[in-house]
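This report looks at a pair of helices and at a set of salt bridges. The sequence and model come first.

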Amino acid sequence: MVKVKHAKPESFYKVYERKLTTKKVTHYCPGCGHGVAHKLIAEIIDELGIQDRVIFLSPVGCSVFAYYYFDVGNVQCSHGMAPAVGTGIARTLENSIVISYQGDGDLAGIGMSAIIHAANRGENMAVFFINNAIYGMTGGQMAPTTLLGQKTLTTPMGRSTNRDGNPIGMCELINSLTAPVFIERVSLANPARVIKARRAFKKALFNQVERKGFSFVEVLSPCPVNWKMSPLESRKWIINKLEPVFPVQNFRDIEEKPERYERVEMSDEELLNLFKIEKEMEIKPKTKKISDQHIKIAGFGGQGVMSAGVLLANCAIMEGLNSTWLPSYGPEMRGGTANASVIISENIIGSPVVDNPNVLIAMNAPSLDTFEDQVSPGGFIIVNSSLINRKVKREDVEVLYVPASEIAKDLGLITTANIVVLGVYMVKSRVLDTETLKQVIPISIKKKHLTEVNLKALQAGIDIFKEEAGAHI
Amino acid sequence: MKKQLFKGNDAVVCGALLGGATHFFGYPITPASEIAHAAALYFTRAGRVFLQSESEVNAINMIYGAASAGARVMTASSGPGISLMAEGLSYLAGAELPCVVVDVQRAGPGLGNIWPEQGDYNMVVKGGGHGNYKNIVFAPNSVQEMCDFTYRAFEIADKYRMTVFILSDAYIGQMMEPVELPEKVSKTERKPWALYADRESRHNLITSIFMNTKLMGEHNWKLQEKYKEAEKILEFEELETEDAEVLFVAFGICSRICQTALYELRSSGIRAGLLRPKTLFPFPKQKLNELGERVSKIIVVELSNGQMADDVELSVRSRIPVLRYNWMGGEVPSTGEIVKRVKNDI
Ligand SMILES: Cc1ncc(C[n+]2csc(CCOP(=O)(O)OP(=O)(O)O)c2C)c(N)n1
Ligand code: SF4
């Protein structure tokens with residue numbers, strides 16, 4: 001037997017202090033369903049003893065001021081976004097009972113993406129969806145749930161399928177997702193229906209106490225004012241018109257508790273260690289004077305031009321120099337060519353952009369074509385002669401032709417061509433010590449089993465410079 | 001070793017976690033996506049919360065929720081995403097909720113492209129959404145500052161209950177430089193106004209609606225007072241301004257280019273200086289006004305149609321010539337281009 005209670009629930013404020021502008025008017029219209037839905041929620045909050053834990057989300061709509069009434073934690077949300085706001089809260093406060101209370105414009109119109117995704121993630125919240133087939137607060141425009149033929153301010157001739165689409169069944173939509181644990185449509189058209197509604201409300205909220213997950217209750221609710229009916233007529237209209245389109249039924253009620261994602265917060269100590277690189281590098285004191293290096297390394301994606309740049313920058317830092325690295329990125333890379341700009345200097349580096357490199361490492365033909373003219377006079381170019389058949393046209397630059405890809409292939413790993421050219425660059429320029437790169441490679445390389453072959457490639461680069469450099473310059 | 005090589009976007013995540021961030025909600029967009037990638041990895045590893053939202057609109061509202069619940073929360077995006085967040089940012093301001101938003105600027109308008117621009121200046125510095133509100137805006141020009149500003153942003157956001165923006169650009173976000181990480185983890189305390197799902201906080205209300213015009217007016221005035229108070233955090237950098245005849249004003253990537261240009265100009269006898277705002281709100285109005293008395297020309301170098309230049313002109317009350325060197329669409333000037341133009345213009 002259900003006892004009918006007439007006392008005011010504890011979780012309602014004892015007195016609703018009329019806010020200034022509403023001094024003379026009641027917030028909800030006579031015969032409105034919002035009041036009934038509020039009362040059910042407040043009673044159940046009492047029954048479950050969860051008043052302190054509830055965070056009630058007021059939407060934009062007639063129930064924007066729901067927080068006038070509920071003596072619980074209250075957050076007023078932007079139009080349609082309560083499920084997103086609730087996600088933020090539920091993911092912060094493990095102990096919270098999040099109630100998202102929304103109208104049909106709010107939830108099924110502007111907020112459609114928020115509700116669907118919150119449902120799909122199975123967020124811990126109880127959603128009460130007040131379907132009154134109209135926009136109440138703004139004076140009676142079409143809602144996504146407005147019935148075909150129903151006249152509203154924006155469907156003065158009645159809603160038509162062709163122009164306005166059909167009414168959306170939110171329960172049916174949400175029922176197509178796997179995560180929600182409870183989905184039911186209820187009606188507030190008469191006392192018997194309200195008693196049934198109460199059970200659904202209670203289940204949705206009890207699921208939150210149990211942390212079972214996303215629970216959704218759609219409430220067919222009267223808006224006599226905008227339907228232009230008396231409260232009594234509006235209740236009949238729900239039964240005769242709304243319920244046939246929006247069947248009142250339970251769609252889902254899952255008993256077992258779904259597995260939940262648990263997280264364990266790291267301590268400060270662990271957090272500080274999170275970003276430490278595996279092996280600490282020793283920074284050598286600066287010993288030599290160097291001239292600024294404006295390096296451009298270019299090739300096609302997969303040739304490791306980006307990582308070659310990073311290795312150089314790392315070596316520079318280890319040797320107590322300053323360095324910046326700037327990649328080409330995004331669709332730029334999809335065209336097949338990639339390039340990295342590296343600056344190495346004793347001084348603080350201003351612009352990280354390399355417009356006129358004094359070192360160009362061209363790993364493929366398009367790179368040489370693109371950047372040859374930009375090299376500053378007196379600079380030098382390393383050409384991967386395995387893939388570039390032509391000679392450099394410029395006469396005011398030094399050139400080294402290195403069959404880097406062939407050397408790398410002979411070593412058994414074609415992608416180490418980048419390391420071969422770094423070896424050549426380092427001995428040629430004398431800006432950085434090859435010993436530094438030998439230390440950096442094992443630390444920086446992600447695939448540890450390739451350390452050996454990369455070190456061999458470096459040695460090959462060093463050797464080839466010593467053997468052939470003179471002849472080719 | 002103290003310094004490590006970091007990408008600007010990755011450094012944001014280091015700064016955030018060490019700065020006490022517990023929640024990241026975001027939606028991918030080039031050139032900011034690495035922030036989401038790094039957050040997905042490190043926030044999760046650290047037992048903090050990373051969630052890929054279904055849109056930027058939803059992300060900013062998740063932030064609204066987490067901030068209501070007292071969390072240190074952030075997102076990162078670029079122009080189109082920040083545009084979508086406008087309403088949410090306004091709500092955050094109205095409800096006085098703290099958060100951190102990183103904007104790695106790309107070129108606009110519309111879909112634009114993914115190369116660097118600074119055309120979000122007005123949107124971010126002036127507020128972006130509806131109503132009389134402001135954001136605190138940091139403008140990093142190095143990877144170190146990407147980390148440091150993000151680290152500090154959370155405490156400042158908490159203090160003023162405001163959104164703190166890190167207004168970066170595609171180059172600062174994508175580049176790598178050595179970084180020294182903060183050595184202490186910053187923490188938030190229980191906020192007396194926030195909701196904690198307990199008895200003590202039950203009476204708190206997070207809202208931005210005041211139907212009564214008088215109350216709404218008072219709320220607005222209270223916010224303005226707070227923004228005035230926030231002007232205390234003003235930060236800028238001066239380079240060779242003491243004897244400067246030509247003053248560059250630039251932030252972000254442009255300030256780096258001006259820095260190089262400045263010394264090139266000096267080596268050919270032109271006394272150039274640089275004023276670099278590190279905060280864009282608050283803006284170094286007073287400083288500019290002072291410098292305006294001493295220098296003969298101001299050159300504002302921006303990757304936009306001159307959005308900051310308007311503020312510079314206001315600050316010097318148009319007493320001296322303010323030249324605008326503008327690039328848009330992802331075009332970034334070379335140092336040489338700027339040097340040549342300055343020589344031509346003076
Ligand atoms: C972004 C935005 N767009 C439009 C509005 C105006 N608006 C306020 S309430 C509302 C409709 C609410 O209708 P519904 O969700 O059905 O709730 P009801 O008023 O019927 O309870 C609209 C369009 C707004 N506040 N914000
Ligand atoms: S307009 Fe409709 S929904 Fe709004 S308070 Fe009145 S009856 Fe209720």
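Buried means under 20% relative accessible area, exposed means over 50%, and partly exposed lies in between (1.4 Å probe, protein chains only). At 10% relative accessibility, Arg202(B) therefore counts as buried.

The model is predicted, so local features need pLDDT of at least 70 and side-chain atom pairs count only at pLDDT 80 or more, while totals for chains, interfaces and linings use all residues. Residues are numbered from 1 along each chain as its sequence is written, chains are lettered from A and ligands numbered from 1 in the order in which they are written, and side-chain values use heavy atoms, leaving out hydrogens and water.

**Salt bridges**

A salt bridge is a side-chain nitrogen of Lys or Arg within 4 Å of a carboxyl oxygen of Asp or Glu. The whole structure holds 48 of them over all chains.

| Pair | N to O distance |
|---|---|
| Arg202(B) and Asp52(A) | 2.7 Å |
| Arg121(A) and Glu54(B) | 2.9 Å |
| Glu243(A) and Arg193(A) | 2.7 Å |

Arg202(B) pairs with Asp52(A). This pair crosses between chains: Arg202(B) sits in the loop between strands E8 (176-180) and E9 (205-206) of chain B, and Asp52(A) in the loop between helix H1 (33-48) and strand E1 (54-58) of chain A. Helices (H or I, at least four residues) and strands (E, at least two) are DSSP runs, numbered from the N terminus. Asp52(A) is buried, at 18% relative accessibility.

Arg121(A) pairs with Glu54(B). Arg121(A) lies in helix H4 (residues 112-121) of chain A and Glu54(B) in the loop between strand E3 (49-52) and helix H3 (56-68) of chain B, so this pair also joins two chains. Arg121(A) is partly exposed at 22%. Glu54(B) is buried at 14%.

Glu243(A) pairs with Arg193(A). Helix H9 (residues 231-245) of chain A carries Glu243(A) and helix H7 (residues 191-209) of chain A carries Arg193(A), so the bridge ties together parts 50 residues apart in sequence. Glu243(A) is buried at 12%. Arg193(A) is partly exposed at 25%. Shared partners also join Lys39(A), Glu43(A), Glu47(A), Arg198(A) and Lys202(A) into one salt-bridge network.

**Helix pair in chain B**

The axes of H1 (residues 8-18) and H7 (residues 143-160) of chain B come within 7 Å and cross at roughly 30°. H1(B) is therefore roughly parallel to H7(B), a term for angles under 35 degrees. Axes are lines fitted to C-alpha atoms, for helices over the stretch in contact, and angles run from 0 to 180 degrees between N-to-C directions.

Key. Angles under 35 degrees count as roughly parallel, over 145 as roughly antiparallel, 65 to 115 as roughly perpendicular and the rest as oblique.
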